[in-house]
Amino acid sequence: MTYEKIAPPTTGAKITFQNGEPIVPDNPIIPYIRGDGTGIDLWPASQLVFDAAVEKAYGGKRQISWFKIFVGDEACDTYGTYQYLPDDSLAAIKEYGVAIKGPLTTPIGGGIRSLNVALRQIFDLYACVRPCKYYAGTPSPHRTPEKLDVIIYRENTEDIYLGIEWKQGSETADRLIKLLNEDLIPGTPEHGKKQIPLDAGIGIKPISKKGSQRLVRRAMKHALRLPKAKQMVTLVHKGNIMKYTEGAFRDWGYELVTSEFRAECVTERESWILGNKERQPDITLEENARQIDPGYNALTADKKEKICAEVKEVLEAIWETHGNGQWKEKIMVNDRIADSIFQQIQTRPDEYSILATMNLNGDYLSDAAAAIVGGLGMGPGANIGDECAIFEATHGTAPKHAGLDRVNPGSLLLSGVMMLEYMGWQEAADLITKGLSAAIANREVTYDLARMMEPPVEPPLKCSEFAKAIIQHF
């Protein structure tokens, strides 16, 4: 591979992919993007920790060869005005498969809405993975933040983030509104006499079966790697209102798990049916149906018949493999309405593990969950596809703090932990988590955490000092 203004390391090997999973050599070449604003402070501190953890864990038998590439403002300095996403960098990420980046600014002008979204779409990084876990001592507005330990799987390439929309008053928007109002809406009886206002902007919300199921598949594979008590996947949706997009996401999710993962999972509704029969071996189909659907008695005859048929089908299909308590050892798959889950991660946080959802829901939900455990400064993130993965700090660039060596590198560090885990280098990942936890518990923190602790820490550590404290706690 020939590049215009960058050069890969002279030592190291490529990460390759097989069936969507990385094949990692002992000396992988990993491109990194320093990031804009505070990236100038965050990356050096983080790289110091990454290298120290790998060295301590493997004693020189494994080593990362870092490959500096340019995206964002730094790319414009190197490649020219508006060259936020140069071909060199895209080629390097494609060539080496796994990359990590600091925060990136949203360009003004230049035709790119978001560099983060662009990277996700270019490399089909369909799964945005955001763990939200509490580290003891981290200041939090929540009374029991330690109860929250969730991993959010957010679909990255569809929904309104695909960016298909038209401005109010534009010729295309007017044509589309006319088509909808005069043809498509009247031609769909369930829409009744609804009409779109003539002065509206228009956006399209595509949710596909393929996009939904590949996200849920990756969430299920993750669940299989978790301790038994955390093996739960919750499909988060607003299907009670958007039946053919978000409701379809839920239905396609259940279809995927009960076909590809039939031996490893049980749905919540199936567990009710199985549990009823375990408690009452002679229970009739109708009584079982009545217990799983509280409104059963008020249903029409055909709806009652449908639920009884569901009970019969479940018992015939999985009683032998899942009955008599066997289902309790399986991955539990359930679903929750989006607005409800925002409440439940606060009131019943320990009841959830993996939340799989669409793009917009996942955007809100991941930030809300991060706030409970201490904010975006401690929030890692990954964007994963079948042939590429990019790990990232999830906060902004905070340019007013750039170059002052004072910001918290926690988000980027924990994203590096995710990268190491993804690579199968769990020992190095565990060292960083251990060091970070111990530093925070010992009140060795940067200003953002220091000012919220009781009593406040004075003086706080610099960004670079925090990195060294983490290493000392390995």
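Start by selecting Leu162: with a relative accessible area of 36%, this residue counts as partly exposed, because that label covers values between 20% and 50%. Keep in mind as you look around that the whole model is predicted. Leu162 sits in the loop that runs between strand S7 (149-155) and strand S8 (165-166).

Together with Leu162, they make up a nonpolar patch on the surface. How much accessible area do Leu162, Ile164 and Ile204 have together? It comes to about 210 Å².

Next stop: a residue in a helix. Select helix H6 (residues 209-225) and pick out Gln213 within it. Is Gln213 buried or exposed? Gln213 has a relative accessible area of 13%, and buried means under 20%, so Gln213 is buried. Show its neighbours too: leaving aside residues up to four places away in sequence, Gln213 touches Trp252, Glu255 and Leu256. Zoom in on Trp252, whose backbone oxygen is reached by the side chain of Gln213 at 2.9 Å.

Last stop: helix H11, residues 338-347. Colour Ala338, Ile341, Gln344 and Ile345, the buried residues of this helix. Turn the view so that you look down the axis of H11: its buried residues fall within an arc of 105 degrees, so they line one face of the helix.

Terms used. Residues are numbered from 1 along each chain as its sequence is written. This is a predicted model: local features need pLDDT of at least 70, side-chain atom pairs count only at pLDDT 80 or more; totals for chains, interfaces and linings use all residues. Side-chain values use heavy atoms; hydrogens and water are left out. Buried means under 20% relative accessible area, exposed over 50%, partly exposed in between (1.4 Å probe, protein chains only). Helices (H or I, at least four residues) and strands (E, at least two) are DSSP runs, numbered from the N terminus. The arc is that of the directions from the helix axis to the C-beta atoms. A polar contact is a pair of N or O atoms within 3.5 Å; within protein, one must be able to donate a hydrogen and the other to accept it, and residues adjacent in sequence count only if both atoms are side-chain atoms. Contact means heavy atoms within 4.5 Å. Patches are made of residues with over 30% relative accessible area and no salt bridge: like charges are joined within 9 Å, nonpolar side chains (Val, Leu, Ile, Met, Phe, Trp, Tyr) within 5 Å. Accessible areas come from the Shrake-Rupley method with a 1.4 Å probe; for residues, only the protein chains shown count as cover. A salt bridge is a side-chain nitrogen of Lys or Arg within 4 Å of a carboxyl oxygen of Asp or Glu.
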